[in-house]
Amino acid sequence: MAPKVVVFLDYQNAYFSAREVFRPVGGLPEQYLIDPVKLGSLLVRKRALGGVLQQVRVYRGRPEPRREARLTAATDKQAAAWGADPRVKMIRRTLWYPRDFGQPSCHEKPREKGIDVSLAVDMVRMAIKQEYEVAILFSRDTDLLPAVETIAELQAAHVEVATWEGTSQLRCRLPGGKWLWCHKLNEAEFRSVRDTRHY
């Protein structure tokens, strides 16, 4: 029987990584939006042992409506569009803003807070509860490696990672000495999973 696969998507990490390696001169930010279901389906197809895509869990910050109304509206529309597919689960936390945001003195950008922790906790919790057999983590964030290592040490599930070709990847040795498997998606594959809807 095909294993149950859950994809854990560190959305901003994947988005900014795509912009880093695939950005043409003058490329617009919306050209790098990623469709979670297309990405999850592609990753399952690439697995040598196959599987059934049970869920794509999207971890992403949410702008503060009073500070960035238009961006909030656009990302809310995006979340609603993605969530129309029952396999997509959105996990969003309000962005952190510097005190002087919007002022000429402000040199910091809004930042995600708690997203990585939420993702790591969910990966481990769901593995222990046997809610998946295979996890595919799409991220380059080394802060997430302890979650991967914990799941492997507990033998709670099988974990793989994914990233774009041409970027760094998460690396660690698993029990038994094998290296963590990484799916490297090339530019053509990136283009095949783009979200081309207008928000």
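Reader: Where is Glu64 found?

Author: In this predicted model, Glu64 is found in the loop between strand 2 and helix 3.

Reader: And is Glu64 buried or exposed there?

Author: Glu64 counts as buried, because its relative accessibility is 15% and the cut-off for buried is under 20%.

Reader: Which residues does Glu64 touch, leaving aside those up to four places away in sequence?

Author: With those neighbours left aside, Glu64 touches Thr72, Thr94 and Tyr97.

Reader: How far is Glu64 from Ala74?

Author: In sequence they are ten residues apart, and in space the distance from C-alpha to C-alpha is 12 Å.

Reader: Let's go to the strands; in what sense do strand 2 and strand 3 pair?

Author: Strand 2, which covers residues 52-62, pairs with strand 3, residues 88-94, in the parallel sense, and the pairing runs over seven bridges. As one example, Val58 has Met90 in strand 3 as its bridge partner.

Reader: Changing topic, how many salt bridges does a search of the whole structure find?

Author: The search finds 15 salt bridges. In general, side chains of opposite charge can pair when their charged atoms come close.

Reader: Which residue forms a salt bridge with Arg87?

Author: That residue is Asp85, and the closest N and O atoms of the pair are 2.9 Å apart. Arg87 itself counts as partly exposed, because its relative accessibility is 29%.

Reader: What about Glu108, which side chain does it meet in a salt bridge?

Author: Glu108 meets the side chain of Arg111, with 2.9 Å from N to O. Glu108 is partly exposed at 42% relative accessibility, and Arg111 is also partly exposed, with a relative accessible area of 36%.

Reader: Where do Arg125 and Asp122 lie?

Author: Both lie in helix 4, residues 115-128, where they are three residues apart, or about one turn of the helix. Arg125 forms a salt bridge with Asp122, and their closest N and O atoms are 3.2 Å apart.

Reader: Are those two buried or partly exposed?

Author: Arg125 counts as partly exposed at 32% relative accessibility, whereas Asp122 counts as buried at 11%.

Reader: Which residues are linked with Arg125 and Asp122 in a network?

Author: The network of salt bridges links Arg57, Lys129 and Glu131 with Asp122 and Arg125.

Reader: Last topic, what is the radius of gyration of the protein chain?

Author: The protein chain has a radius of gyration of 17 Å, which agrees with the value near 16 Å that a compact globule of 199 residues would have. Along its principal axes, the C-alpha trace spans about 55 × 35 × 30 Å.

Reader: How much of the protein chain counts as buried, and what is its accessible surface?

Author: Of its 199 residues, 47% count as buried, and the accessible surface comes to about 10,700 Å², with 51% of that belonging to carbon and sulfur atoms. Among contacts with a separation of 6 or more, 70% come from residues 24 or more positions apart.

Key:
Residues are numbered from 1 along each chain as its sequence is written. This is a predicted model: local features need pLDDT of at least 70, side-chain atom pairs count only at pLDDT 80 or more; totals for chains, interfaces and linings use all residues. Side-chain values use heavy atoms; hydrogens and water are left out. Two strands pair if DSSP finds at least two bridges between them. Helices (H or I, at least four residues) and strands (E, at least two) are DSSP runs, numbered from the N terminus. The radius of gyration is taken over C-alpha atoms; the globule rule is 2.2 Å times the number of residues to the power 0.38. Buried means under 20% relative accessible area, exposed over 50%, partly exposed in between (1.4 Å probe, protein chains only). Contact means heavy atoms within 4.5 Å. Accessible areas come from the Shrake-Rupley method with a 1.4 Å probe; for residues, only the protein chains shown count as cover. A salt bridge is a side-chain nitrogen of Lys or Arg within 4 Å of a carboxyl oxygen of Asp or Glu.
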